[in-house]
Amino acid sequence: MTSSHLVLGPAGLLLAIGLVMVFSASSIEAALDDQSAWAPGVQQVVWAGLGLIAMLIALRLPTGLIRRWSPIGLLVVVAMLVLVLVPGIGVELNGARQWFDLGFALLQPSEIAKLVFALWGAHVLALRERYLTTTSLLVPVLPVFGVLAVLLIAEPDFGGVVSLGLVLVGLLWAGGMPLKYFGVFLGAAALLAAVMVWAAPYRMARVTSFLDPFADPSDSGFQAIRSMYALATGGFWGVGLGNSAMKWNILPEAESDFIFAIIGEELGFLGCLVVIALYGVLAWAGFRIAWRSADRFVQLACVGITVWLVGQAAMNMGYVVGLLPVTGVTLPLISAGGTSLILTLFIVGLLARFARSEPAAIEFQRAQSRGRLARLLLPVPAAAVDPVRPRRLPADREPARTVAGGGRTVLHPRSGPPRRVPPRAVPLERGAARSAAESRGRVVQPRERRPAGAGSARRQAPPSGAPRRPGGAR
């Protein structure tokens, strides 16, 4: 069970750190807005509780069920990405139309699209494993990525496109794509990114602020400079939990996009190092599950999900410390947010579910005595490789049989319960028996009919000259 523990342990610690830091980073801003200082943190705890329920659901999902419904999920995600662009349906915030208003929360379909694309891509590549070539590896996955990327750019959500590209890279890498093609893709992606940055002025401002944030310290370089000040103030040990100065409306989005800067200010370099180490353990666990699994779908899905999860964390920490342009992606399991936290905990549950389906893990779980609650919440997978059974429509189902257990149910007009009649051996017709015997190379002679009164124990006398059996039996 080492792989399962390596997933759940670091994920639980990152979630605990995230809850504490959201309480710390959002309390001052909420109090300045005449709200309860505890309100954002309590809301994050509620989202974490819903995420833990989603994680338990993921722990119970059969792998075959996930694979069967991944194409339907992809169609639903495409429909959601189209609907979110419609004015009046999608909610526009900060110049981007990326959310659905559910009344009690905002749902971001781009986050769901990344997970569904990872599962669908792993399912398609696992089906093509026996005859997988470079063309068959690219044709089903790359066009779908292009459609999703165009819909995300239309929102616009450039950070979502980059995260979706990480899923694509993980799938192609696990699928066996030659390294020379990755160089071609990297050049094409750089050219496309340059065109997108040149076409949008706000993206150009982000790139220039990344190269020289002090050139415009009051506008485009404002967040980058304040995050550097927060990290420099923290030093090695930090200023102490809750003592951050940047969270007093000095650093925008301190509880979400730039929460890593608050961690560096309050917990110092050691706190940042602990967070980075936990993400490293989570990455090692994901690759370990892919290495030890016997299911090709699990291998592909684990690599794709792990590259996406850890790559997004690296992107967030990279632009906080000034190594990457600001893309607006959140820090998984730590940043404030409802959709991203629930989805991330669901992904953690999937990784733990895949870890529990390792052959050695299944054998260990079956050998242990488990209580009723453990059997209910954490069922043992039936097999290391779950077969994919096609979905059956109600019209395709077989009609109910009237014969059960090899017998017949006989109903009589008189009252009383039905009685069971044992089955009888129904003889084949003579023509059918003859054709079956001739197909096996034998010739069947027709049997002579005996008189109706002849007993079953009487035997016909053998012809003269027939040999006798030992003991006098003919």
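How many cavities of 30 Å³ or more does the count give? The count comes to two. The structure is a predicted model.

## Largest cavity

The largest cavity holds about 70 Å³ of space. Two elements each give two or more residues to its lining, namely α12 (296-320) and α13 (338-356). The residues that line this cavity are Glu111, Trp308, Leu309, Gln312, Thr330, Pro332, Ser340, Leu343 and Thr344.

By class, the lining of the largest cavity is made up of four nonpolar, four polar and one charged residues.

## Second largest cavity

In the second largest cavity there is about 30 Å³ of space. Its lining consists of Leu331, Pro332, Leu333, Ile334, Ser335, Ser340, Leu341 and Thr344. Pro332, Ser340 and Thr344 are found in the lining of the largest cavity and also in that of the second largest cavity.

How do the lining residues of the second largest cavity divide by class? Five are nonpolar and three are polar, with no charged residues. The lining of the largest cavity, by contrast, has one charged residue.

## Second largest pocket

The volume of the second largest pocket is about 830 Å³. It is lined by 23 residues, and those closest to its centre are Phe145, Gly165, Phe185, Ala189 and Ala190. The elements giving two or more residues to this lining are α6 (141-153), α7 (158-175) and α8 (179-199).

Which element gives the most to the lining of the second largest pocket? That element is α8, with nine residues. In terms of class, the lining of this pocket has 21 nonpolar and two polar residues, and no charged ones. The lining of the second largest cavity likewise has no charged residues.

## Cysteines and disulfides

A disulfide is a covalent bond between the sulfur atoms of two cysteines. A search of the whole structure for such pairs finds zero disulfides.

Is Cys272 buried or exposed? Cys272 counts as buried because its relative accessibility is 8%, and the cut-off for buried is under 20%. Cys302 has a relative accessibility of 0%, so Cys302 also counts as buried.

Notes:
Residues numbered from 1 in each chain as written. Predicted model: local features only at pLDDT ≥ 70, side-chain atom pairs only at ≥ 80, totals over all residues. Heavy atoms only, no water. 1 Å grid on protein atoms, 1.4 Å probe; cavity = no way out; pocket = protein on both sides within 12 Å on 5 of 7 lines; lining within 4 Å. Points joined across faces, edges and corners; volume = space filled by probe spheres on them. Helix = DSSP H or I, 4+ residues; strand = E, 2+ residues; numbered from the N terminus. Nonpolar A, V, L, I, M, F, W, Y, C, P; charged D, E, K, R; others polar. Disulfide = S-S within 2.5 Å. Buried < 20%, exposed > 50% of the residue type's maximum accessible area, 1.4 Å probe, protein only.
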